[in-house]
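Please examine the sequence and the three-dimensional structure shown below. The paragraphs that follow lead through them step by step.

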Amino acid sequence: MNKQKLKNLIQQVPELIETANVCREVGLPNFYIAGGAITQIIWNDIENKPLLDQVKDFDVVYFNSTSAITEDEFKNRIRSRLSHCVDVDVKNQATIHEHYAKKFGCFIQPCLLYTSDAADDLLCV
């Protein structure tokens, strides 16, 4: 799928657009909407299904090593402003290394500088 087709597809999902707009409104820094939702939307389009079929949540990742605002606070701010019912999971990639080993049993380097570095790190695992 080329970049323009993906952009057009995403623009057909008002819940994604609203989520991105709300993330900007609450000041979520350096964020991406990633994960299974985007992949599922692409598959749903290919299979001519409703675009949000089997999408349980939107994964929102961001990077901020200096903010006093926690993931949960951002999640609550975002959820309180959304008019749709798709759940939102918010993760700060600057702190993910602190609990990753406990949850998944393997260590990742705490040297990420940007959200895109986290995506590169996960793609290499």
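How many helices and strands make up the secondary structure of the chain? There are six helices and three strands, where helices (H or I, at least four residues) and strands (E, at least two) are DSSP runs, numbered from the N terminus. Read from the N terminus, the elements follow the order α-α-β-α-β-α-β-α-α.

The model is a predicted one, in which local features need pLDDT of at least 70 and side-chain atom pairs count only at pLDDT 80 or more, while totals for chains, interfaces and linings use all residues. Residues are numbered from 1 along each chain as its sequence is written, and side-chain values use heavy atoms, with hydrogens and water left out.

The pLDDT is the predictor's confidence in each residue, from 0 to 100. Its mean for the chain is 85, and 83% of the residues reach 70 or more. Helix α2 has the highest confidence, at a mean of 97, whereas helix α6 (residues 115-124) has the lowest, at a mean of 47. Over residues 118-125 the pLDDT is below 50, and this stretch has five contacts in the model beyond near neighbours in sequence. Here, contact means heavy atoms within 4.5 Å.

Some totals describe the chain as a whole. Of its 125 residues, 34% count as buried; buried means under 20% relative accessible area, exposed over 50%, and partly exposed in between (1.4 Å probe, protein chains only). The accessible surface of the chain is about 7,900 Å², and 53% of it belongs to carbon and sulfur atoms. Such areas come from the Shrake-Rupley method with a 1.4 Å probe, and for residues only the protein chains shown count as cover. Among contacts between residues at least 6 apart in sequence, 64% join residues at least 24 apart.

Val22 lies in helix α2 and counts as buried because its relative accessibility is 4%. Leaving aside neighbours within four places in sequence, Val22 is in contact with Ile78, Arg81 and Leu82. Val22 and Arg77 are 55 residues apart in sequence, yet 8.8 Å apart in space, C-alpha to C-alpha.

A second example is Ala94, in the loop between β3 (87-92) and α5 (96-104). Is Ala94 buried or exposed? With a relative accessibility of 12%, Ala94 counts as buried. Apart from residues up to four places away in sequence, Ala94 touches Tyr62, Phe63, Asn64 and Ser65. From Ala94 to Thr66 the separation is 28 residues in sequence and 9.0 Å in space, C-alpha to C-alpha.

The loop between α2 and β1 holds Gly27, and Asn30 is found in the loop between α2 and β1 as well. Gly27 is partly exposed, because its relative accessible area is 45%. The C-alpha atoms of Gly27 and Phe74 are 8.8 Å from each other, although 47 residues separate the two along the chain. Asn30 is partly exposed, with a relative accessible area of 36%. Its phi is near 45°, a positive value in a residue other than glycine. Gln54 also has a positive phi, of about 70°, although it is not a glycine. Gln54 lies in the loop between α3 (36-46) and β2 (57-62) and is exposed, because its relative accessible area is 59%.

The final topic is a pocket. On a 1 Å grid over the protein atoms alone, a pocket is an open set of points where a 1.4 Å probe fits, with protein on both sides within 12 Å along at least five of seven lines; lining residues have an atom within 4 Å of a point. The second largest pocket has a volume of about 230 Å³, a volume being the space filled by probe spheres set on the points, which are joined across faces, edges and corners. The elements giving two or more residues to its lining are α2 (14-25) and β1 (32-34). Helix α2 gives the most, with four residues. Among the lining residues are Ile10, Leu16, Arg24 and Phe31. By class, the lining has eight nonpolar, no polar and one charged residues; Ala, Val, Leu, Ile, Met, Phe, Trp, Tyr, Cys and Pro count as nonpolar, Asp, Glu, Lys and Arg as charged, and the others, Gly among them, as polar.
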